[in-house]
Amino acid sequence: MTPTTDAYPKHIGERIRSARVDLRLTQDQLAELVRLPRPSISNIESGNRAVDSMELVQIARSLKKPISFFLEIPIEQIQDEPLTILCRSDDVSETDKAAVDDFVSLSKDYSSLENLLELHNSALLPCTGAPIKSKPDAILQGQRAAVQLRHHFMIGEAPVLDLDNVLEQRGVKVVERSLPNSKVCGFSVTSADFGHAIFVNSHRTRERRLFTLAHELGHLTMDRDHTTTLLTDKQEQVSLAEVRANTFAASFLMPDVAVTETLLKLGVTKGKKETINAVTIDYVRKQFGVSYDAMLWRLVNLNVITKKEREEFLPYAVEDALPSSETGPSLPERYRALAVEAYRRAKISIGKLADLLRVDTYEARKLVKQFGIQQSPT
Amino acid sequence: MVAKLVPDNIIISDATVLINFLGTGTFQLVLQSYAGQLHVTDAVVGEIKLNRHELDAAIDAGSVVLHRVPTDKIDHLIRSFSDFHLGEASCLVLAKEKSWKVATDDGAAKRFVTSDLGAVYLMTTFDILLEMVNLGQLEKGRALDLVTRMDTEADFLYPEDEFKEFKKRLESL
């Protein structure tokens, strides 16, 4: 018997659609996965047909989302939600909106796990920004904030190639997802629900992903009352806040002292163009995990080369590789570890663990078995 | 609610126990052995993949009673039992409402049953196997073999202490 839609939360259908779009499945493909006729999926998504519990469990399993995801109202419809503004941007496609929905859901689950395990790891980052008076002021603020945050993180001057791990350990949630046809590089949000979180489009070069992460970190630390920001491919430095975030990213990833020391070890002297060449620049930028272009700009700003010399070196840029294969949605490693720990302490059930890991109960059992995890006695 | 000293002879099972028996093709054996009623919710059935047809057939035949979770109650269930999957939550709520025993191997579910209903309302896979041996439906050696099979074929999850306790109780039968 088809369930009626009386007293039925209509947004469940919209969430099913969002999750399906996020996985880039057609209605036909979902129908096949859950063994329902295609028109049923269409009616469910449009709110003309309710789902029963059995169907919801199967749909959740097929769409790799926790059941709670389908009960939440889509971000786009929540007036006070900062990401609503982001979702309404012209640069954000339907697929991107679905990814935003998933990002929020995952960040909430992440935060719930931290609370459940009493980790209280969501301390806010120090706010180091001030009102920006001019472009030079934006640059100066970005540089200072980068130095201060490195000091705060106690990471010295060394390259930070694993910035995602550094941030995860300090309570900033980092979620990566591949959006191949999207203009979106990343976005960040500060929420009362889950603290700081950064989304990075993993369908970008490793160097671009690292820079995006650092750029968004800049917004989180310097933009007072930060709610959300969006970084896209076509984005120009239209606002001083963006200039500041970019300066922060460059300074944070390529500290003045560290870059200079690395160059010195290669026999490069500031102001002497003959001591530097494209191979040297390529070597140095790899040490810091940034693109050739990003390193060229950094060398200009550190007065190692001039803008004119930058243009001369530019044609020798080696194109960085995109990720070799498209993998499915991945979960942050720390999030996975927290979920398993919550299960081990019997704070969540095996079914809930499966929900949190976006797998079915069988896969969750296999995983727990594989790692020899035993639940604490009741 | 005050827990009854002797619960009804009805068991409502979550997926953990069903997966063990369905995964090893011994679900029918349980149904034949058990004198009471076995109940499940549709959310639990939705979790079952391996040998699901056996469960469906038992429901169609009336040897397992199926309960549908009203769609408008899903949200409330998920929010009230945020540490559980919908399947487990629906099973626990029905057990509490009706004073039924709960068949589960999950630590969080066991904790809930013990604290909210009483230990007498809890049945694990080990308890069911012991009951079958006790009733003469299963030999001791086969019960142990079955645990090994559940271990390898269905990823049966249990704390080592419970297995030791099971073996001790099995020997004493």
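In this predicted model, the contact between the two chains draws on 37 residues from chain A and 40 residues from chain B. The size of an interface is often given as the accessible area lost when the parts come together. For chain A and chain B, the buried area is about 3,400 Å², and carbon and sulfur atoms give 55% of it. On the chain A side, α4 (53-62), α5 (67-71), α17 (350-356) and α18 (361-370) each supply at least two of the residues that touch chain B. That side of chain A is made up of 18 nonpolar, nine polar and ten charged residues. Between the two chains, 22 residue pairs are in polar contact, both residues having pLDDT 80 or more.

Within chain B, a set of strands comes next. Strand β2 (residues 37-41) of chain B has four of its five residues buried, so this strand is largely enclosed by the rest of the structure. β2(B) has strand partners that can be followed residue by residue. With strand β1 (residues 10-13) of chain B, β2(B) pairs in the parallel sense over three bridges, and here B:Ile10 has B:Gln37 as its bridge partner.

Among the buried residues of α1(B) are B:Val17, B:Leu18, B:Ile19 and B:Phe21, together with B:Thr16 and B:Asn20. After α1(B) comes B:Gly25, which has a positive phi near 65 degrees.

Positive phi values also turn up in chain A, at residues other than glycine. A:Asn303 is not a glycine, yet its phi is positive, at about 60 degrees. A:Asn303 lies in the loop between α14 (292-301) and α15 (307-313) of chain A, and its relative accessibility of 58% makes it exposed. A:Ala346, again not a glycine, has a positive phi of about 60 degrees. The loop that holds A:Ala346 runs between α16 (333-344) and α17 of chain A. With a relative accessible area of 4%, A:Ala346 is buried, whereas A:Asn303 is exposed.

Key
Residues numbered from 1 in each chain as written. Chains lettered and ligands numbered in written order. Predicted model: local features only at pLDDT ≥ 70, side-chain atom pairs only at ≥ 80, totals over all residues. Heavy atoms only, no water. Buried < 20%, exposed > 50% of the residue type's maximum accessible area, 1.4 Å probe, protein only. Pairing = 2+ DSSP bridges. Contact = heavy atoms within 4.5 Å. Buried area = accessible area lost by both parts, 1.4 Å probe. Polar contact = N/O pair within 3.5 Å; in protein donor to acceptor, adjacent residues only side chain to side chain. Nonpolar A, V, L, I, M, F, W, Y, C, P; charged D, E, K, R; others polar.
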